Amino acid sequence: MFSLSDGDLEKTIVGCGDGPACFNAELTARVGNVVSIDPIYQFDVKAIRSRVNTVYPEIMDQLQKTKEKYIWENFSSIEQLGSTRMQAMESFLADYPKGKLEGRYVNAMLPKLPFANKQFDLALCSHYLFLYSEQVSLDEHVSSILELCRVAEEVRVYPLLSLDGQESEQLQPVMSVLSEKGILVSFKEVAYQFQKGAVEMLVAKTQKI
Ligand SMILES: C[S@@+](CC[C@H](N)C(=O)[O-])C[C@H]1O[C@@H](n2cnc3c(N)ncnc32)[C@H](O)[C@@H]1O
């Protein structure tokens, strides 16, 4: 979903809103340099597993109701998607205590990150900004992406659709505000697609003068 090349995977990366997913665990296992932030990292293994187990049936139920909004290729069925996500959570949880001690899982939330200017080469944010356009305001979108641009040389955000499968109504206003502020923003096609039509990521870079 972020078109990550082998070269990208050697960069210093911050993943924002990484939640109970296993990108950090997997990249660290193959030698990477990644820090994840999410407000759920205030909780311990037991509390995170319990919370995910509680919301799992609701998410599966919701997916069943909106099944036609997704492409069932990478995942052949809702059940297979569910078990893949649960395996990802288990990989994450197995790595979480060690990763927390190493400072790879940080309890923080956008739009304010506890990092120095340009501390990272790359900031990634999946399935939070734009997807939750009803819950996250335009101001929060803009301040979050500006904050990501402050801490990283390059920012990638995916998807650009909201939960209803339509282009996020925040997208064009966010693009305009970022451009006005001198941030270079563009869309780039990606190979991944699960939500129908979610074929592009946003790439933002601070202009060098
Ligand atoms: C749908 S999950 C996406 C998880 C992962 N990025 C993925 O693509 O599978 C959204 C995540 O955003 C996190 N989140 C909510 N508010 C946030 C904020 N203000 N800053 C950063 N993350 C936030 C949630 O805790 C949750 O883990």
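What we have is a predicted model, where local features need pLDDT of at least 70, side-chain atom pairs count only at pLDDT 80 or more, and totals for chains, interfaces and linings use all residues. Residues are numbered from 1 along each chain as its sequence is written, and side-chain values use heavy atoms, with hydrogens and water left out.

When I say salt bridge, I mean a side-chain nitrogen of Lys or Arg within 4 Å of a carboxyl oxygen of Asp or Glu. How many salt bridges does that rule give? The count comes to 10.

Okay, let's start with D8. Its side chain pairs up with K11 in a salt bridge, at 3.0 Å from N to O. Now, for exposure: buried is under 20% relative accessible area, exposed is over 50%, and partly exposed is in between, with a 1.4 Å probe and protein chains only. D8 counts as buried because its relative accessibility is 6%. K11 sits at 26%, so K11 is partly exposed.

Next up, E102. Which residues does E102 bridge to? One is K98, with the closest N and O atoms 2.9 Å apart. Another is R104, where the closest N and O atoms are 2.8 Å apart. As for accessibility, K98 has a relative accessible area of 51%, so K98 is exposed. E102 itself comes in at 44%, which means partly exposed. R104, at 8% relative accessibility, is buried.
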